[in-house]
Every structure is written in structure tokens, then in C-alpha cells.
Amino acid sequence: MIQRREIAISIVLSVITCGIYGIYWFIKLNDEINYLADDRMATTGGMAFLFSILSCGIYLFYWMYKMGEKLDGIYINKGWPAQSRGILYLILSFFGLSIVSYALMQDSVNKAIAA
């Protein structure tokens, strides 16, 4: 269900497609993190993207923080240390570096599915 993605390829595809692959990546990250966190009642990736558009990007900041918190929960359940990812993703997004947050999330997802 969850596939490992190469971070560099995802970034390059996001740039080449003028952000269209970035939207796909956002949606897939949301769904995969919710699956790993076993949060079946969470907002789907499509809805999170729609909320981000309707709120003029404000929901994206909330989403970044919540995904970081979920990844910390996944790591804690695996017995690994939490790293306050939510704050880091929020700060990066605030400075316009959301793609860096996506890359860090993907790295965490890749590590979680490899274990």
C-alpha cells in the first residue's frame, strides 16, 4: 500500500511539473501518514488540499504541524525517539520551504516503512 519514494526525484518532478506533482505528493503523504498512524477517521489528502485552497493556505500550516505530531506518534509506537517534527515543519512552511517539509516527511515515512 505504501511505497517508498525517492526524495530527490519527487522534488525534481515537483519543479518540472510546476507544482502539480507537489500536489499529488501532498495528498499521498497525508494518506500514508494517516495509514501509518492508524488514524482511519482523519481528513483525506484530497480534503486537506481542498481545505488549504479554501483557507488561502492557512490550513497548510495546521496540516504541517499535525503531520509532524502524527509522525512523532508513529516513531514513539516503534520505540524510536520523537523529534518535535511538527514545530520544524511549521517553521519551514512559514518561511516558504514547504517542499523541504515534504522531503523530511517522506524521509520519515520511508524509515517507518523500512522498519
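A word on the source. This is a predicted model, where local features need pLDDT of at least 70, side-chain atom pairs count only at pLDDT 80 or more, and totals for chains, interfaces and linings use all residues. Residues are numbered from 1 along each chain as its sequence is written, and side-chain values use heavy atoms, leaving out hydrogens and water.

Now the fold. We have six helices and zero strands. Helices are DSSP runs of H or I, at least four residues; strands are runs of E, at least two. From the N terminus, the order reads α-α-α-α-α-α. The radius of gyration is 13 Å, close to the 13 Å from the globule rule for 115 residues, so the protein is as compact as a globular protein of that length. That radius is over C-alpha atoms, and the rule is 2.2 Å times the number of residues to the power 0.38. Along the principal axes, the C-alpha box is roughly 40 × 30 × 25 Å.

Next, packing. Of the 115 residues, 37% are buried, meaning under 20% relative accessible area; exposed means over 50%, partly exposed in between (1.4 Å probe, protein chains only).

Last, the cysteines. Cys-18 is exposed, at 73% relative accessibility. Cys-56 is exposed, with a relative accessible area of 73%.
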